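Thanks for coming. I have one structure to go through today, so please bring it up on your screens.

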Amino acid sequence: MASLKYIAGPEDLGKQLKTVVKEQFSISARLMTKLRKGERILVNGAPCPGWVTVLEGDRVEVLLPEERSDFQPEEMPIDVVFEDEWLMVVNKGPGIVAHPTKGNYSHTLLNGITYRMLQDAVLSDGTLDEGRLFKVRLTNRLDMNTSGLVIVAKHSYVQDHLIRQMEEGKLVKHYTALLEGIVDEDQGTVDLPIGLPDENYPERWILEPEKGGYPSVTEYKVIKRYNCPHHMVYGRENTELRPVEGYTLMDLRLLTGRTHQIRVHMSGMGHPVAGDHLYCHGDPFRYREQFGAPEKGETNPEVVSELISRQALHARSLGFTHPVTGEEMFVEAPLPEDMEKALAILENGQGANKRNSNEQTGII
């Protein structure tokens with residue numbers, strides 16, 4: 001059973017038990033109610049009401065409620081970067097949906113994690129160790145075709161703490177992206193609100209707050225520029241050509257966590273993520289006005305990059321404070337194979353369209 005433990009010090013003398021628990025563990029009001037009703041707060045091994053006075057040296061223990069997932073287990077490779085009894089950090093590959101949704105209950109990351117959890121809980125005699133079971137909770141989510149790090153909390157207590165860190169800007173998220181075009185500024189900040197202009201379509205776009213946009217901030221820094229003139233092919237029939245002077249490899253830090261935030265912000269500044277069929281043309285709603293909208297519920301299926309078949313966006317690193325141990329955590333995930341191949345092509349100066357093969361290519 002998961003529990004939190006603390007030895008009361010001289011500074012706790014005379015405080016009520018509920019005060020000590022809130023101060024030491026930052027227990028939410030919702031969880032505190034569950035603990036109180038379930039008599040799950042112990043002092044020296046015995047359940048105690050929250051009004052009792054704590055003495056120096058008292059052993060305070062909080063027995064966290066047991067939680068279980070009901071996701072369908074499904075065997076699939078799970079790349080675990082870090083794991084302990086409280087949380088797991090997974091490197092999600094491209095093309096994998098993170099969480100089951102309506103009409104999509106299988107083949108997701110959580111199905112795979114549930115299977116792995118059940119396998120780990122089976123003892124040598126074939127019995128199930130209930131103490132190893134937990135409710136799978138995603139703290140951050142990635143789009144299906146965005147690769148990289150996802151934190152899985154094994155208890156609501158852990159999830160609450162990590163979400164609070166995100167809201168306070170203490171959970172640091174860095175992404176690597178390959179962008180269309182040459183970004184002139186070495187670094188900068190995009191501070192533009194993002195919203196959902198049309199609930200019938202998945203695309204977000206820059207939207208004024210009075211129309212439903214939410215504050216959204218992305219910091220960026222250029223890693224490398226590739227002078228590689230080429231054309232983006234677009235249009236509903238893939239017949240239109242748009243000249244692009246090269247590519248920019250970018251480090252991005254999210255200061256907020258809106259859906260599609262990096263993809264919208266980079267497209268809004270004129271440098272969409274390479275391979276991003278939703279935002280490669282800028283405002284997707286103006287694009288529909290020109291080329292017509294897809295059928296309701298469908299997204300534009302076109303492949304828009306010769307280098308990569310999905311958006312070249314990877315959640316590279318996470319920095320946060322462990323909610324239970326207090327340890328400062330930093331985890332990284334290497335670029336996936338498809339992005340490495342795309343960069344290798346550019347490094348070798350082979351990234352121009354064949355129609356531009358006589359033009360000079362190189363790295364800036």
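I start with a definition: on a 1 Å grid over the protein atoms alone, a pocket is an open set of points with protein on both sides within 12 Å along at least five of seven lines, a cavity is a set where a 1.4 Å probe fits but cannot get out, and lining residues have an atom within 4 Å of a point. Points are joined across faces, edges and corners, and the volume is the space filled by probe spheres set on them.

This is a predicted model, in which local features need pLDDT of at least 70 and side-chain atom pairs count only at pLDDT 80 or more, while totals for chains, interfaces and linings use all residues. Residues are numbered from 1 along each chain as its sequence is written, and side-chain values use heavy atoms, with hydrogens and water left out.

The largest pocket has a volume of about 940 Å³. It is lined by 34 residues, and Arg141, Leu142, Asp143, Gly257 and Thr259 are the closest to its centre. At least two lining residues come from each of helix 4 (156–167), strand 9 (172–180), strand 14 (240–254) and helix 5. Helices (H or I, at least four residues) and strands (E, at least two) are DSSP runs, numbered from the N terminus.

Next, the aromatics. The whole structure has one aromatic pair. Tryptophan 205 and tyrosine 279 are stacked, at 6.3 Å centre to centre and 15° between the planes. Rings of Phe, Tyr and Trp (its six-membered ring) pair if their centres lie within 6.5 Å; planes under 30 degrees apart are stacked, over 60 edge-to-face, the rest tilted. The two residues are 74 apart, with tryptophan 205 in strand 12 (205–206) and tyrosine 279 in the loop between helix 5 (261–268) and helix 6 (284–291). Both tryptophan 205 and tyrosine 279 are buried; that means under 20% relative accessible area, with exposed over 50% and partly exposed in between (1.4 Å probe, protein chains only).

Proline 215, by contrast, is exposed at 55%. This proline sits in the loop between strand 12 and strand 13 (217–234). Leaving aside neighbours within four places in sequence, proline 215 contacts Pro193, Thr256 and Arg258, contact being heavy atoms within 4.5 Å.

Four strands form an open sheet in the order 1-4-2-3, with antiparallel pairing; strands pair if DSSP finds at least two bridges between them. Strand 1 (3–7) and strand 3 (46–47) are at the edges with a single partner strand each, so one side of each has no neighbour in the sheet.
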